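Here are my notes on the model you passed along. Have it open while you read, and skip to whichever point you care about.

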Amino acid sequence: MSDLYVVYGSETQLLAGLFEDPDAYFIRIFNRAVPETMGNATDINSIDELADTVSACIESQKPDRILFVGAAFLTQMKLFAMEKTEDLQKSIEVNIINYVKICHTLLPFMMKLRSGHFVYLSSFRSEVGARGISMYSSSKAVGEKFFEILRMENGAFGIYSTVIRMGY
C-alpha cells in the first residue's frame, strides 16, 4: 500500500475518479450521504473518529504517505445580514474549524511517516467577491492562507500542501 487518502467532502462528484486508485486506501469523511461501500475505504462521519481510524489504517495498510483532500464546504444562500446565526456557525464549522481539526489530527501521523500532502480545493471567490458570498469567500481565503502556512511550517518534515483555486 503506497497512499492513505483522507478525504473531507467525499460526497462531491468532483472526486469520483480519485477513488479508483488501486494502490490507495481511503478514509472518507462524509456528512449526511453515506458513501457506497468500497473494499479499500473506511467511512466516518465524525472528525472525533479520525485519529483512531488513521492509526488503525497505518497499522493495517502500512502506507508510505498520507494525503489529505479537502473538498467540503458550505456555500452561502443569503446576504450576510439575512443569514441565521446558526447557519453562520455551521458555515464556520464546516469551512474553517473542521479543516483545522483534521489537519491538527493528521500532522503528527504525517510527521512520523515524514511524508504527507494537503490538497485544498478552493475557489476563485477567495479573491473575487460578490453580493451574498461574504462568509463563503472569506472562509476560502482563510483556507488558502492556512494551507500555505502549513506548507511553510512542515516542508522540512516532507509535508507539503497544494491549493487549487477552482472557478471560471
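1. Ground rules. This is a predicted model, with local features kept at pLDDT of at least 70, side-chain atom pairs at pLDDT 80 or more, and all residues used in totals for chains, interfaces and linings. Residues are numbered from 1 along each chain as its sequence is written, and side-chain values use heavy atoms, with hydrogens and water left out.

2. Strand β1. Let's start with residues 3-8, which make up strand β1 (helices, H or I with at least four residues, and strands, E with at least two, are DSSP runs numbered from the N terminus). Six of its six residues are buried, so β1 is largely enclosed by the rest of the structure. Buried here means under 20% relative accessible area, exposed means over 50%, and partly exposed is in between, with a 1.4 Å probe and protein chains only. In a regular strand the side chains alternate between the two faces of the sheet. In β1, D3, Y5 and V7 point one way while L4, V6 and Y8 point the other, and all are buried.

3. Neighbours of β1. Which strands does β1 run parallel to? One is β2 (residues 24-29), joined to β1 over six bridges; strands pair if DSSP finds at least two bridges between them. Y8 stands opposite I29 in β2. The other is β4, also parallel and joined to β1 by six bridges, with I66 in β4 as the bridge partner of L4.

4. On to β5. β4 runs parallel to β5 too, over five bridges, and L67 has H117 in β5 as its bridge partner. Seven of the eight residues of β5 are buried, so β5 is largely enclosed by the rest of the structure.

5. Helix α2. L106 is in helix α2 and counts as buried at 0% relative accessibility. L106 and L67 are 39 residues apart in sequence, and their C-alpha atoms are 9.3 Å apart in space.

6. Aromatic pairs. There are 12 of them in the structure, counting rings of Phe, Tyr and Trp (its six-membered ring) whose centres lie within 6.5 Å, with planes under 30 degrees apart called stacked, over 60 edge-to-face and the rest tilted. F19 and F26 form an edge-to-face pair, 5.1 Å centre to centre with 75 degrees between the planes. F19 is buried at 12% relative accessible area, and F26 is buried at 0%. The charged end of R28 also sits over the ring of F19, 5.4 Å from its centre; the test is NZ of Lys or CZ of Arg within 6 Å of the ring centre and within 35 degrees of the ring normal.

7. A pair across the sequence. F73 and Y136 are edge-to-face as well, at 5.7 Å and 65 degrees. F73 lies in the loop between β4 (65-70) and α2, and Y136 in helix α3 (residues 134-154), so the pair ties together parts that are 63 residues apart in sequence. F73 is partly exposed at 42%, whereas Y136 is buried at 11%. Ring pairs also link Y8, F68, Y99, F118, Y120, F146 and F147 into a cluster.

8. Positive phi. Most residues other than glycine have a negative phi, and most peptide bonds are trans. K62 has a positive phi, near 50 degrees; it is in the loop between α1 (50-61) and β4 and is exposed at 52%. R114 has a positive phi of about 55 degrees and is found in the loop between α2 and β5 (116-123).

9. The largest pocket. How much space lies in it? About 440 Å³. A pocket is an open set of points on a 1 Å grid over the protein atoms alone where a 1.4 Å probe fits, with protein on both sides within 12 Å along at least five of seven lines; lining residues have an atom within 4 Å of a point. The volume is the space filled by probe spheres set on the points, which are joined across faces, edges and corners. Of the 21 lining residues, Y8, F30, N31, V94 and N98 are the closest to the centre.

10. What lines it. Helix α2 (residues 85-113) gives the most to the lining, with five residues. By class, the lining has nine nonpolar, six polar and six charged residues; Ala, Val, Leu, Ile, Met, Phe, Trp, Tyr, Cys and Pro count as nonpolar, Asp, Glu, Lys and Arg as charged, and the others, Gly among them, as polar.
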